[in-house]
Amino acid sequence: LLKLSFCALPRRCQESRRRHADWTLFPTPSRACSSLLLLLPILLVVPSWSHQALSQSQRGPLKDLPSRLSPPQRLLSRLHLRGGAMSTTHGNPPEGLDCMCTFDEIDSTSYVEYQAQPSGLWYPAKYGAETIQEMLDTGYDKYMTDVEKASSDCAAAVRRLVVKGPPIYLSDVHALPIVEGQTHISTVWFCKDSREVSAKLKGALEGAAREELWGVQKEMLAAMESAETPAPAP
């Protein structure tokens, strides 16, 4: 933030490059305050301009978001992806969208959207159709394999996997993010054949079966933590 603010300030006449660099790296409190004051109009105008630039169709679904979301969070949700945004209906692939796994360009044959709950809004996925389908088919088995491998490592590795319990639905914080207030992804839409499928992972347990498995995992974690805890000195 300070770097941007100092770039916006006019340079002192006759100042050397070294002095300007020192001023940027080690700003005095007064200079920092002045820079922030200069940035204040920008911080106030840009969000307002961005909101006005969005079409009415993009702003419409905002009423479905939880009221506790702040304006910046709502704005970021609207601008979820370059040119793409959440919607109550399906759309076309945003321009310039690439799969974060294969780095291939995503077009109408590989474009996927996912529906977050409880809002029911659709978001563009940053993975292609093949990657999404593989995650649905193998995600749960991979989780179980990772837990088994972690159990031979250390308690910290197991804790990272079991703290939220066995997964039920498709999830990925980078390629399939959901905004605060949303609980999970319920449905996936494949653009190629206009097909909606459940986002539940193949083989995933629910209800009492899941709670039983999670209980076993927590007992294993507790035993590992107990074994790793050093005995008190006599």
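Read along the sequence, the protein follows the pattern α-α-α-α-α-β-β-α-α-β-β-α. The model is a predicted one. In total it holds eight helices and four strands.

**Whole chain**

Begin with the entire protein selected and a surface displayed. The protein exposes about 14800 Å², and carbon and sulfur atoms supply 58% of that area. Of its 234 residues, 35% count as buried. For a view of how the chain folds back on itself, turn to the contacts between residues at least 6 apart in sequence: 64% of them join residues at least 24 apart.

**Stop 1: Phe103**

Next, select Phe103, in the loop between α5 (71-78) and β1. Its backbone deserves a check, as Phe103 has a positive phi of about 65° although it is not a glycine. Is Phe103 buried or exposed? Phe103 is exposed, and its relative accessible area is 66%.

**Stop 2**

**Stop 3: Ser194**

Now select Ser194, which lies in the loop between β3 (184-190) and β4 (195-198). Here too the backbone is the point of interest: phi of Ser194 is near 50°, a positive value in a residue other than glycine. With a relative accessible area of 54%, Ser194 is exposed.

**Stop 4: helices α7 and α8**

Finally, select residues 155-162, which form helix α7, together with residues 207-228, which form helix α8. Two packed helices are described by the angle between their axes and the distance between the axes. For α7 and α8, the axes come within 9 Å and cross at roughly 155°. An angle over 145 degrees counts as roughly antiparallel, and α7 and α8 are therefore roughly antiparallel to each other. Their crossing is left-handed.

Which residues of α7 meet α8? Show side chains for Ala155, Val158, Arg159 and Val162 on the α7 side. Their counterparts in α8 are Trp214, Gln217, Met220, Leu221, Met224, Glu225 and Glu228. Coloured by class, this contact of α7 with α8 shows seven nonpolar, one polar and three charged residues.

Technical notes:
Residues numbered from 1 in each chain as written. Predicted model: local features only at pLDDT ≥ 70, side-chain atom pairs only at ≥ 80, totals over all residues. Heavy atoms only, no water. Axes fitted to C-alpha atoms, helices over the stretch in contact; angles between N-to-C directions. Helix = DSSP H or I, 4+ residues; strand = E, 2+ residues; numbered from the N terminus. Parallel < 35°, antiparallel > 145°, perpendicular 65-115°, else oblique. Left-handed = near helix turned anticlockwise from the far one by under 90°. Contact = heavy atoms within 4.5 Å. Nonpolar A, V, L, I, M, F, W, Y, C, P; charged D, E, K, R; others polar. Buried < 20%, exposed > 50% of the residue type's maximum accessible area, 1.4 Å probe, protein only. Areas by Shrake-Rupley, 256 points an atom, 1.4 Å probe, with all protein chains shown as cover.
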